Amino acid sequence: MNCRVAAAALLLMATAGTARADEFLRGPHPFLKDNALAIVGGYGLAAGSDSPSGVRAVLDYGYRVGGSLWFDLRMGYLSGSCKSGPSTCGAAPGDAAEVLAGVTGKLRMSLPVVPYGTLAAGVLYSFPDQGARAAGPALRAAIGARYFLYDWLGLGLEAAFLVGRAGRQVSGEARWSQTLDLGAGAEFQF
């Protein structure tokens with residue numbers, strides 16, 4: 001744990017020194033760097049009765065393949081809770097996690113705002129409040145925009161829709177899970 005805190009402190013000090021030397025972006029984002037790390041936090045709204053709702057955290061890594069096309073790796077966790085009460089808790093969703101890979105298209109504008117769209121597929125893991133855990137395929141589509149203060153730091157908003165087949169096992173069959181995610185976060189390019 002102490003190593004993680006020390007590493008985070010060193011990263012913060014290194015980026016703080018860079019921020020003083022850099023100027024704010026005034027024109028289009030130059031896309032000088034090929035790697036990006038984004039941290040997004042928000043809320044996942046259940047779009048179906050078998051879907052979890054709750055606070056969501058996402059860690060996203062992107063690698064620029066060429067031009068405005070990026071390869072995307074995403075890990076997310078939704079901390080849900082039993083919505084129906086203790087007597088029916090077995091029928092209500094709990095937590096969920098996903099590990100996805102896909103592509104992101106980022107658009108260059110005359111302002112330092114970068115709108116983007118992402119399409120990713122992977123595995124959705126379901127951790128119900130009661131009952132067996134399950135895993136299955138998932139697809140996630142997202143749109144968003146980030147305002148870049150520097151060529152390496154952007155802040156923005158994102159909306160996404162996730163649909164997956166993993167869920168609680170009810171009568172021996174998996175249920176569909178759909179979640180609408182709304183979040184805000186930061187992107188660090190390096």
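1. Phe31 sits in the loop between H1 and S1. Helices (H or I, at least four residues) and strands (E, at least two) are DSSP runs, numbered from the N terminus. The model is predicted: local features need pLDDT of at least 70, side-chain atom pairs count only at pLDDT 80 or more, and totals for chains, interfaces and linings use all residues. Residues are numbered from 1 along each chain as its sequence is written, and side-chain values use heavy atoms, with hydrogens and water left out.

2. Look at the backbone of Phe31. Its phi is near 50°, a positive value in a residue other than glycine. Most residues other than glycine have a negative phi. Is Phe31 buried or exposed? Phe31 counts as buried because its relative accessibility is 7%. The cut-offs are these: buried means under 20% relative accessible area, exposed over 50%, partly exposed in between (1.4 Å probe, protein chains only).

3. Now turn to Arg64, in strand S2 (residues 54-66). A polar atom of the Arg64 side chain lies 2.9 Å from the backbone oxygen of Phe31.

4. Which residues does Arg64 touch, leaving aside its neighbours within four places in sequence? They are Phe31, Leu32, Lys33, Asp34, Leu69 and Trp70. Contact here means heavy atoms within 4.5 Å. Arg64 counts as buried because its relative accessibility is 19%.

5. Asp34 and Arg64 also meet in a salt bridge between their side chains (2.7 Å, N to O). This pair links distant parts of the chain: Asp34 is in the loop between helix H1 (2-21) and S1, Arg64 is in strand S2, and they are 30 residues apart. A salt bridge is a side-chain nitrogen of Lys or Arg within 4 Å of a carboxyl oxygen of Asp or Glu. By that rule the count is 12 salt bridges. Asp34 is partly exposed, because its relative accessible area is 32%.

6. A second salt bridge to check joins Asp60 and Arg74, with the closest N and O atoms 3.5 Å apart. Asp60 lies in strand S2 and Arg74 in strand S3, so this pair ties together parts that are 14 residues apart in sequence. Asp60 is buried, with a relative accessible area of 11%. Arg74 is buried too, at 2%.

7. Arg74 has another partner. It forms a salt bridge with Asp72, and the closest N and O atoms are 3.9 Å apart. Both Arg74 and Asp72 are buried. Salt bridges that share partners join Arg56, Asp60, Asp72, Arg74, Glu98, Arg140, Glu158 and Asp181 into one network.

8. Next, the strands. How many strands close into the barrel? There are 8, in the order S1-S2-S3-S4-S5-S6-S7-S8, and the pairing is antiparallel. The twist averages 25° from one strand to the next. Axes are lines fitted to C-alpha atoms, for helices over the stretch in contact, and angles run from 0 to 180 degrees between N-to-C directions. Two strands pair if DSSP finds at least two bridges between them.

9. Strand S1 (residues 35-46) pairs with S2 in the antiparallel sense over 10 bridges. Here Ala38 stands opposite Asp60 in S2. S2 and strand S3 (residues 69-80) are antiparallel over 12 bridges. Gly54 stands opposite Gly80 in S3. S2 and S3 form a hairpin with 2 residues between them, and Gly67 in the turn has a positive phi of about 60°.

10. Further along, 12 bridges join strand S7 (residues 153-164) to strand S8 (residues 177-189), and the two run antiparallel. Gly156 has Gly185 in S8 as its bridge partner.

11. Last, the nonpolar cores. The largest has 7 residues: Ala96, Leu100, Ala120, Leu124, Ala138, Leu162 and Ala166. Strand S4 (95-106) and strand S5 (113-127) are the elements that give two or more residues to this core. Apart from it lies another core, of 6 residues, among them Leu25, Ala36, Trp70 and Val114. A nonpolar core is a set of buried Ala, Val, Leu, Ile, Met, Phe, Trp, Tyr and Cys residues joined through side-chain atoms within 4.5 Å.

Definitions and conventions. A polar contact is a pair of N or O atoms within 3.5 Å; within protein, one must be able to donate a hydrogen and the other to accept it, and residues adjacent in sequence count only if both atoms are side-chain atoms.
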